[in-house]
Every structure is written in C-alpha cells, then in structure tokens.
Amino acid sequence: MTTQFARQAPAVLPGANDPCWCGSGTKYKKCHRGADAVEARKKGGDTQRQGIRPGVISPRRSVPMHIPRPDYAETGRPSRSGEMSDVKSPDVIARMRRACKAAAEVLQLTGAAVRPGIATDELDAIAHEAYIQRGGYPSTLNYHGFPKSLCTSVNEVICHGIPDSRVLVEGDIVNLDITIFLDGVHGDCNATFFVGKVDSESERLVRVTRECLDLGIAAVKPGLPINVIGRAIEDHATKNGLSVVRAYCGHGIGERFHSALQIPHYYEADATTMMKPGMTFTIEPMINLGHWQHRTWDDGWTAVTADGSRSAQFEHTILVTEQGVEILTVP
C-alpha cells in the first residue's frame, strides 16, 4: 500500500526532533525545516530573501609591486613542490603571529563597514586597501583564479561568495572571509555579521555557529586525533537542531594557503592525524539552519545550501601548543 505524503506544511509546524509533516519518517530538522523557513520569509513579503542572485563583478584590483606576493599571484596556480611540514619552526610561528594579527585587524575593520546599502564589492575595496596598508597581499586574489580580495557569503551562501554589485539589505547576514599573505606566510579568519536587525532564527544560527567554533578550539590538545574537533562541533550543532556542512573543512596553513592537512567539522572516524605542538591550522565550521547538503553556482566558486536555508561560519587560525591551543587570529 502506498502512502500519500502531505503536500503543504501545516499551520502548526513540528518540533526540530519530531517526525516531519511530509510523512517521510525523517526528523523535521533534517527534512523540511530549512525549506519551511524560506517559504515563511517569502510569505512575509521579504522579497530580498527569496534567494541570492549574482551581481556584476568589477575588474580585479591591483596590488602595488613592492608588496611581496605568493607564488600563484600571477599564474593562479599554487605550487605543490616541496610540501611543508605541518609542524612549524619557531621562526615560521613568529611570522604567522604577525600575519594572523594583521588578518584579524582587516576582518575587524571590514566588518565595521557592514550595513544596509553597502555593496559587497565596496567591502572588497575596503579589505583590499587594508591588506596593502599592512604590507600584505590578499591571499584569495587569483588563488586558482578567484577574482577578489575576500569572500563575502550572504544568507544561504555557505562559502566562497564573490564580492559584486549586490547591495546588502536589512535582515541579511554576511560572512567575511579574510586571508593575508605577509612575511611569507598566510593568516586566515572569518566571521558572520548581521546587516541591521535580523530575525530570531538567524540570530540563533550565528550564535550557535560561534559556539561551535569555540568548542572546536577547546578540543585541541596535543596527542589527540584531529577528529575530536569535528565531534565537538557536530555534537553542539546537532543538539541545537542545526547541520554541519561536510563538503568543506579546515586546513593546514603557513607558508602555503592550504596544506594537505584537513580538519573536518563533523566526526570523521578516519581523521586520526595526531595533533602535535607547532601545528598550525584553521577551524572554520559552516553551520546550516536546514540540511548540510550544498550546490555550487556556475561560477565554480559560490557554494549555497541545497535547500535555500541560511548558513553561518566563523574561523580562526590556531597553533597547537604544549599545553593546548593558542588562537593566532586576534587583533
């Protein structure tokens, strides 16, 4: 006998852990909750929330010739010859502290400019100038051909959003992802900002995402496997009825923007690399209101939630120490 699933959400929606109204047998939070949130916003007449669309991308900004550049700045192709160790020397760590401090300053400065009415391309211009003022190169600029100096990921955009002519509007959330190449190393951080007043679910999403980052960092200890980080993050996200993006992860960082070391933000049994003092890597959980699945725009960069639900992210570059962990990306 076949079952006729419901076609329309009921007036009173189920709880996050209750069976979904559609009859699928799946928990509501893993099934229709994200799509229902999007539909509710549409019915409320909030037309700007019916989905982010690409705007016009301005020409690539130039970097003065006196600024030292990473190896891919001209070609767009980072070198993979002579892979660097995940455990950094005292000299590299000292340089990373400087680069990470500069990245945190650029993030703070650019984030202060977020407001209704500003285009994400204007935020790119602000960040670009801030990198140069600190003697650094925007790490994302021409990395595998990326056209801009930071990533601006709005609402349902998970990561790698390209700054363009789209103007931020009241109620948006926007993630600014900042990476600087300074003193021969990269410093990487990001944060999600409110654009004016946002709805309560967006506030909750951003708060829990920041908590996920904090818990992931707190799990870092020498002698433990990398997967304890993802376990801490996933446990907290799931407890709050949210999902963890699986397609993107944290990464080793230092002389290279991305090393082979990967940091899953969900529990991955095979992620058994042991943390050692001197390791440097990013922790950058991407958390969704709806399902964890994603799709990618035709530009090859912009990753969005498959169900249209909102996504938030926070990131720090960290150093594993003898005692535990040091956050490097602080202003």
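## Ground rules

Residues are counted from 1 along each chain as its sequence is written. Since this is a predicted model, local features need pLDDT of at least 70 and side-chain atom pairs count only at pLDDT 80 or more, while totals for chains, interfaces and linings use all residues; side-chain values use heavy atoms, with hydrogens and water left out.

## A three-stranded sheet

Let's start with an open sheet of three strands, in the order β9-β14-β15, with antiparallel pairing. (Helices, H or I of at least four residues, and strands, E of at least two, are DSSP runs numbered from the N terminus; two strands pair if DSSP finds at least two bridges between them.) β9 (280-283) and β15 (325-327) are at the edges with a single partner strand each, so one side of each has no neighbour in the sheet. From one strand to the next, the twist averages 35°.

Now look at β9 and β14 (residues 316-320): they pair in the antiparallel sense over four bridges. Which residue in β14 is the bridge partner of Thr280? That's Leu319.

## Helices on the sheet

Helix α2 (residues 90-111) lies across β9, β14 and β15, and runs at about 160° to β14. Helix α4 (residues 200-218) packs on the sheet too, touching β9, β14 and β15, but its direction makes about 15° with that of β14. Here, contact means heavy atoms within 4.5 Å. The angles run from 0 to 180 degrees between N-to-C directions, and the axes are lines fitted to C-alpha atoms, for helices over the stretch in contact.

## Salt bridges across the chain

The count comes to 16 salt bridges, each one a side-chain nitrogen of Lys or Arg within 4 Å of a carboxyl oxygen of Asp or Glu. One of them joins the side chains of Glu255 and Lys88, at 2.9 Å from N to O. Glu255 sits in the loop between β7 (250-251) and β8 (262-263) and Lys88 in the loop between α1 (33-43) and α2, so this pair ties together parts that are 167 residues apart in sequence. Glu255 is partly exposed at 23% relative accessibility, whereas Lys88 is buried at 10%. (Buried means under 20% relative accessible area, exposed over 50%, and partly exposed in between, with a 1.4 Å probe and protein chains only.)

Arg98 is in α2 and Asp183 is in the loop between β4 (173-182) and β5 (185-194), so parts 85 residues apart in sequence get tied together. Arg98 is partly exposed at 45%, and Asp183 is partly exposed at 35%.

Next comes Asp121, in a salt bridge with Lys148 whose closest N and O atoms are 3.1 Å apart. Asp121 is in helix α3 (residues 120-133) and Lys148 is in the loop between β1 (137-138) and β2 (151-154), 27 residues away. Are these two buried or exposed? Asp121 is buried at 14% relative accessibility, and Lys148 is buried at 0%. Shared partners join Arg61, Asp121, Asp124 and Lys148 into one network of salt bridges.

Asp124 is also found in helix α3, and is buried with a relative accessible area of 0%. The side chain of Asp124 makes a polar contact with that of Arg61 at 2.5 Å. (A polar contact is a pair of N or O atoms within 3.5 Å; within protein, one must be able to donate a hydrogen and the other to accept it, and residues adjacent in sequence count only if both atoms are side-chain atoms.) Leaving aside neighbours within four places in sequence, Asp124 touches Arg61, Lys148, Ser149, Leu150 and Pro163.
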